[in-house]
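Here are some notes to read beside the model.

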Amino acid sequence: MMTMTTRVIGQWWRRVALCVAVVLPLVLTGCREEEVIWLPEHVSVAQPEYTDIEGFYLLCEGNMGWNKATLDYYDYESGEYVRNIFSYANPNVPKEMGDVGNDLGIYGSYLYCVINCSNKVDVLDKYTCEKKYQIDIPNCRYIRFYGGYAYISSYAGPVQINPNYEQLGYVAKVDTTTMQIVDTCLVGFQPDELEIVDGKIYVANSGGYMFPNYENTVSVIDIATFTEERRIPIAINLHEVKCDHHGVLWITSRGDYYTKPSMIYTYDTRKQQLTDSIDCRVSNMWLDGDSLYVVSTEWSYVSMSNAFSYAIINTVTHEVVSRNFITDGTESEITIPYGVAVNPITKDIYVTDAKDYVSPGRLYCFDHNGVKKWDVRTGDIPAHFCFYGTNINEQ
């Protein structure tokens, strides 16, 4: 069977070879400097696996202002990890992916990459990663899909720390047939992740630029009318929101980095009430069945240090069933735990390491018992996962 890696290389190898043929004579004659053309980087890291999940994409954020966002891919059918797949699939795109990759998702035939500070969403062919469309949205953050539309949160205003910030954020509604913005809905300040449940969009408003006057609400948008119905007070500086199988939203607060720590809150969408607060530090989380996997690198301006954790929460009982899902001691190899994902079939756990935030990071794979299987170098600040497969629910 032709793997994802083989398909992409087959599409683009001739193009890369042609570029090399043109550039090489110029470099040798010293007529002018040319940009380096990076060839595909393949690393064999594991034995082939054959399930309905063929691979996953990993979006690496890159440091803000450096135009270093990159896209990596892991192919289960070959056991190969491929670095910087976007650049050789799109050799003619200036500045490659751009500045700060913040989210990605697959819908239909396309892979959507949210590039925050470049104010755009790149829409790629999910098979070849060739860029097909660009949706321009200022300070865009997260993306979800429903009924033929993409819904994208936007800070709307500039990157600017200001306790009196005046620009409300919004959610953009994009027709995935035309790739045009057809409507917008104002929400709170600096909206981050959003979730769609029973005809409603729930948006976590952070107010992250407004220290010490953080936002503390979740906006509720009615999809049918695309208007904000209400705002639900939860906690300050909200970030992520995910819905479990029971209609309960799991919402994270970053805290204030001083006296208020990060926390997890639950909101029952059926009862329409806040139901719990869980004392668990959190930077990123991944929901798999009735288990919520949490990683945390929490900075404190009081202690001037980071605190790390790798937790699992049972979403039925709301109990923290593990404070460290890495069981073999290899968490000592990880400098800055940053992203997390779980393969829904094999239950392998993936944790990313941002290292020093300015140099290549690392991806670690653990089995379902928390024992390390392999690790590999990634792009800078590896963060956001999207599993790929022809026979799985890719949302």
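1. Start with a lysine and two rings. This is a predicted model, and in it K173 lies over the face of Y149, 4.4 Å from the ring centre. The charged end of K173 also sits over the ring of F226, at 5.8 Å from its centre. Look at K173 with both rings in view.

2. Stay with F226. Which residue forms an aromatic pair with F226? Y151 does, and the pair is tilted. The centres are 5.8 Å apart, and the planes make an angle of 40°.

3. Now place the two partners along the chain. Y151 belongs to strand β10, residues 149-154. F226 is in the loop between β15 (217-222) and β16 (227-233).

4. The cut-off for buried is under 20%.

5. Step back to the whole model. How many aromatic pairs does the structure hold? The count is 29. There is also an aromatic cluster to find. Its members are F56, Y74, Y76, W286, Y350, W374, F385 and F387. Select these eight by name to see the cluster.

6. Next, F308. This residue is found in strand β23, which covers residues 305-314. F308 is partly exposed, because its relative accessible area of 43% falls between the cut-offs of 20% and 50%. Its C-alpha atom is 4.8 Å from that of T297, a residue eleven places away along the chain.

7. What does F308 touch, leaving out residues up to four places away in sequence? The contacts are S296, T297, T335, I336 and P337.

8. Turn to charge pairs. Side chains of opposite charge can pair when their charged atoms come close. The structure holds 24 salt bridges. One of them joins the side chains of D380 and K68, at 2.6 Å from N to O. This pair links distant parts of the chain, 312 residues apart. D380 is in strand β28 (residues 372-380), and K68 is in the loop between β2 (55-60) and β3 (70-75).

9. D380 counts as buried, at 6% relative accessibility. K68 is partly exposed, with a relative accessible area of 29%.

10. Compare two further bridges. The side chains of E130 and K132 meet at 3.4 Å, N to O. E130 is partly exposed at 24% relative accessible area, and K132 is partly exposed at 41%. The side chains of D279 and R281 meet at 2.4 Å, N to O. Here D279 is partly exposed with a relative accessible area of 48%, and R281 is partly exposed with 21%.

11. Finish with a network. Which residues are linked in a network of salt bridges? They are D103, R144, E193 and K242.

Methods:
Residues numbered from 1 in each chain as written. Predicted model: local features only at pLDDT ≥ 70, side-chain atom pairs only at ≥ 80, totals over all residues. Heavy atoms only, no water. Phe/Tyr/Trp six-rings, centres within 6.5 Å; stacked < 30°, edge-to-face > 60°. Helix = DSSP H or I, 4+ residues; strand = E, 2+ residues; numbered from the N terminus. Lys NZ or Arg CZ within 6 Å of the ring centre and 35° of its normal. Buried < 20%, exposed > 50% of the residue type's maximum accessible area, 1.4 Å probe, protein only. Contact = heavy atoms within 4.5 Å. Salt bridge = Lys/Arg side-chain N within 4 Å of Asp/Glu carboxyl O.
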